[in-house]
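Open the model in your viewer and keep the selection panel at hand. This tour goes stop by stop.

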Amino acid sequence: MIQQIRENRRLQGLLLILPAMFVMVMLLVIPLTLTVITSFGQRDADGNVIYTFTLENYWRLLGFTEQGWDDLYLRILLRSLWLAVQTTVIVILMAYPLAYFIARSPEKRRNFLLFLVLVPLWTNFVIRIYAWVMILRSQGVLNSTLGAIAGLLNVPFQPLDLYPSQTAVLIGMVYEFLPFMILPIYTSLEKIEPSLYEAAADLYANAFRTFWRVTVPLSMPGIVAGTILTFIPVIGTFVVSDILGGRQVILVGNLVQRQFLDARNPPFGAAASIILLVMTLVFTLYYTRRFGLREEIAAG
Amino acid sequence: MSAKKQSPWLALISILVYFFLYAPIIVLIIFSFNASRTNVVFEGVVNQGPCGPFYWYCELFRNRSVMDATRNTLIIAFTSTVVSTIIGTMAALALQRYDFFGKKVSETTLYFPIVTPEIVMGIGILVFFSAVFGWINTALALAPSQRLTMGLGTVIVSHIAFSIPFVTLVVRARLHGFDDRLEEAAMDLGADEFTTFRKITLPLIAPGVLAGAMLAFTLSLDDFIITFFTTGPGATTLPIYVYGLLRRIVTPELNALSTIWVFVVLIVVAISQWFQRRE
């Protein structure tokens, strides 16, 4: 037996992958299959799942109910998608200049500048959102600072009503995921050969043209990786919207969470969760195919 | 990219982005010294009891729930890091250096959690465990006190599951360009597989394994969503505890907790950097 393992590399490979596959089957494949099965079920009056085969949950999510057209859930799906798109775009616009700045800094200073980007990530995810509550609430840091400035300049000041609101959710999302965009963009910018800029200059490209035709295309892998790292968690979160949005901003994540824990309707929650997964996979596949960078993603 | 003269506009934008990144952290730290219990407006520096300005820090250490949550968080993070690092490293070795039946499928399965929203995985695991536990509890007709419930065990197992892909990813990156001849040379010189692994393979991939373990540890410490769906009585972690607080009254204790958190992590990172430098 031992001798057989020693000589058979295929067997060795299988034995090495086996524990990981066992964990993945038990905690990913079976759970997802169960979620799909549950999503075709119904619930009884006590909130227990009755396993049948009905597409009712999916129809309801897409707006077709027994009482006619109701786009409540469809709007939630679209709102989540729209918020994820907005967050990703803003994060790219904020991350790119900083990543570019770091990449063009003297080599000795780069590590320190990158380190500074990472420090905020080490507070806890939930704590970072709480910090924004402190800043954005009506008597919070932002309003008192703006009020003080207005007082100095002798201009009237109307406190901003930002918390809770959809804008607060957007700010919170941007804050949470900004570092995840800065790092990959920096990595791809840093790899660009300086000689390419010289070549562009020799060919009489101006600064703007060089940036647009050389820098941006070469940093695409970083943008794509950063987008995946931002878009997927944003579209599935319920914590940021829960805390910064109050009851106003309901996203798919909130919907799924409430169906499981408050409304006690697991089949409906499971259907919402599967739709969320499908949206994410469609996005990831389309996006990576479009930019042809599947291996870059796989490498993180 | 080479260092060049930077445009002042770019520098200004960068400073603003850094300000955006740091403003919340600074606010958190300042408000941990707040005299106001409700912590909405800064009403001056607290000076109460023997701890003076560090009043909220002392309160924190007297708070049993915080201490329990800290203990749970560390138990979960350590256990899941050790297990997922071992399993993830094995998988990385298999995928990078061996050919076997079902390699492509294994690879896809292993990377699937990375592109799956956490909530989907969390819900799946919740559905799975409640089905299995429900079935076992009924089949064995267990008394209420003996029934299987969600708790530390389910959280640890879930953290192991979502960390493995990240460990594998990091270790694989390190295995890229690994020279197989080094191992062959060791074997030619009479070393057995175990010795070769211990003396040649492990030292070479150690930095990757360490980086993978660090990532697994950070992911576990920071995780909220999957823990939220897989936790149970007696298994409250710090993020779950903080989330619970946010829905009630938040005193500056929470700010004290955040401040300590940042400084502890800073120290840990500084130490690990120092070790890397020494290498």
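Predicted model: local features only at pLDDT ≥ 70, side-chain atom pairs only at ≥ 80, totals over all residues.

Residues are numbered from 1 along each chain as its sequence is written, while chains are lettered from A and ligands numbered from 1 in the order in which they are written.

**Stop 1: the interface.** Select chain A and chain B. Here 78 residues of chain A are in contact with 71 residues of chain B (contact: C-beta atoms, placed from the backbone, within 7 Å). Now pick helix H2 of chain A, residues 9-39. With 21 residues, H2 gives the most to the side of chain A that touches chain B (helices are DSSP runs of H or I, at least four residues, numbered from the N terminus). That side has 55 nonpolar, 15 polar and 8 charged residues (nonpolar: Ala, Val, Leu, Ile, Met, Phe, Trp, Tyr, Cys and Pro; charged: Asp, Glu, Lys and Arg; polar: the others, Gly among them).

**Stop 2: a helix pair.** Select H10 (residues 207-236) and H13 (residues 266-291) of chain A. They pack at about 175 degrees, axes 11 Å apart (axes are lines fitted to C-alpha atoms over the stretch in contact; angles run from 0 to 180 degrees between N-to-C directions). H10(A) and H13(A) are therefore roughly antiparallel (angles over 145 degrees). Contact residues include A:Phe231 of H10(A) and A:Phe283 of H13(A).

**Stop 3: B:Ile164.** Find B:Ile164 in helix H6 of chain B, residues 152-175. B:Ile164 counts as buried, with 32 C-beta neighbours inside 10 Å (buried: 20 or more other C-beta atoms within 10 Å). Leaving aside neighbours within four places in sequence, its contacts include A:Ala20, A:Val23 and B:Ser84.

How values were computed
Contact = placed C-beta atoms within 7 Å. Helix = DSSP H or I, 4+ residues; strand = E, 2+ residues; numbered from the N terminus. Parallel < 35°, antiparallel > 145°, perpendicular 65-115°, else oblique. Buried ≥ 20, exposed ≤ 12 C-beta atoms within 10 Å, placed from the backbone.
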